[in-house]
Structures are given as structure tokens and as C-alpha cells.
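Trainee: I have not looked at this one before. Can you walk me through it?
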Amino acid sequence: MYKGNKVILREMRSSDLDEVMKYVNDYGVYSSFTDSVPLPKTEEMQKKWLANSINPRIITFAVELIDTGEFIGTCQLRA
């Protein structure tokens with residue numbers, strides 16, 4: 001976990017799946033930070049993505065507000 005002044009970068013959790021599903025299926029949000037095909041993402045697709053959120057080449061963090069604990073997105077480090 002990494003803590004800043006306003007947010008925490010933490011490990012992804014299975015409980016984050018509902019929040020992830022909200023933004024990956026919102027084309028106005030999702031299209032601005034990915035070049036993947038803009039199609040509805042299924043829960044099964046996102047479960048696989050979540051299971052692979054940590055591997056030797058890509059580490060995915062959940063971004064959470066310190067004050068409220070609200071999940072506000074994800075970020076990745078890629079090698």
C-alpha cells in the first residue's frame with residue numbers, strides 16, 4: 001500500500017469488482033484511458049482481469065480516497 005495526502009494505492013480486492021464494472025462499461029469514462037474495443041464488459045471478463053491484476057509485468061492498484069475510503073479507480077505499473 002502507498003499513501004499520499006489524499007489517496008491510497010492498495011491491492012485490488014474481489015470486492016472492487018462492482019465499482020470496476022461501473023466504469024469499464026461507461027464509454028465516456030473508459031474510452032479516455034484505453035484503446036481496447038469499446039464493448040460491454042461482462043462480469044466474467046472483469047473477474048479474469050482482476051485475477052490477473054498482479055503478475056511479473058503488470059501491477060494494478062486500486063485508488064481509494066483516504067477521507068472516505070471510496071474506491072475511485074485503478075492505476076497500473078507496466079514493465
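Mentor: One term before we start: contact means heavy atoms within 4.5 Å. Also keep in mind that this is a predicted model.

Trainee: Fine. Which residues does Met 12 touch, then, not counting residues up to four places away in sequence?

Mentor: Met 12 touches Val 20, Trp 49, Leu 50, Ser 53, Thr 60, Phe 61, Ala 62 and Thr 74.

Trainee: And which residues make up the largest nonpolar core?

Mentor: That core has seven residues: Met 12, Val 20, Tyr 23, Val 24, Leu 50, Ala 62 and Phe 71. Helix α1, residues 17-24, gives the largest share of this core, with three residues.

Trainee: Back to Thr 60. Where is Thr 60 placed?

Mentor: Thr 60 sits in strand β3, which covers residues 58-65.

Trainee: Is Thr 60 buried or exposed?

Mentor: Thr 60 is buried, because its relative accessible area is 1% and buried means under 20%.

Trainee: What is Thr 60 in contact with, leaving aside neighbours within four places in sequence?

Mentor: The list is Arg 10, Met 12, Trp 49, Ser 53, Thr 74, Cys 75 and Gln 76. With Gln 76 there is a polar contact, side chain to side chain, at 3.0 Å.

Trainee: Which side chain does Arg 78 join in a polar contact of 2.7 Å?

Mentor: That of Gln 76. So the side chain of Gln 76 has polar contacts with the side chains of both Thr 60 and Arg 78, and the cut-off for such a pair is 3.5 Å.

Trainee: Is Arg 78 buried or exposed?

Mentor: Arg 78 counts as exposed, because its relative accessibility is 61% and the cut-off is over 50%. Arg 78 lies in strand β4, residues 71-78. Leaving aside neighbours within four places in sequence, Arg 78 is in contact with Arg 57 and Ile 58.

Trainee: How many residues apart are Arg 78 and Asn 55 in sequence?

Mentor: They are 23 residues apart in sequence, and 9.7 Å apart in space from C-alpha to C-alpha.

Trainee: New topic, the sheet. In what order do the four strands come?

Mentor: The order is β1-β2-β3-β4, in an open sheet with antiparallel pairing. The edge strands are β1 (2-3) and β4, each of which pairs on one side only.

Trainee: How many bridges are there between β1 and β2?

Mentor: Two bridges, in the antiparallel sense, with β2 covering residues 7-11. Across that pair, Tyr 2 stands opposite Leu 9 in β2.

How values were computed
Residues are numbered from 1 along each chain as its sequence is written. This is a predicted model: local features need pLDDT of at least 70, side-chain atom pairs count only at pLDDT 80 or more; totals for chains, interfaces and linings use all residues. Side-chain values use heavy atoms; hydrogens and water are left out. A nonpolar core is a set of buried Ala, Val, Leu, Ile, Met, Phe, Trp, Tyr and Cys residues joined through side-chain atoms within 4.5 Å. Buried means under 20% relative accessible area, exposed over 50%, partly exposed in between (1.4 Å probe, protein chains only). A polar contact is a pair of N or O atoms within 3.5 Å; within protein, one must be able to donate a hydrogen and the other to accept it, and residues adjacent in sequence count only if both atoms are side-chain atoms. Two strands pair if DSSP finds at least two bridges between them.
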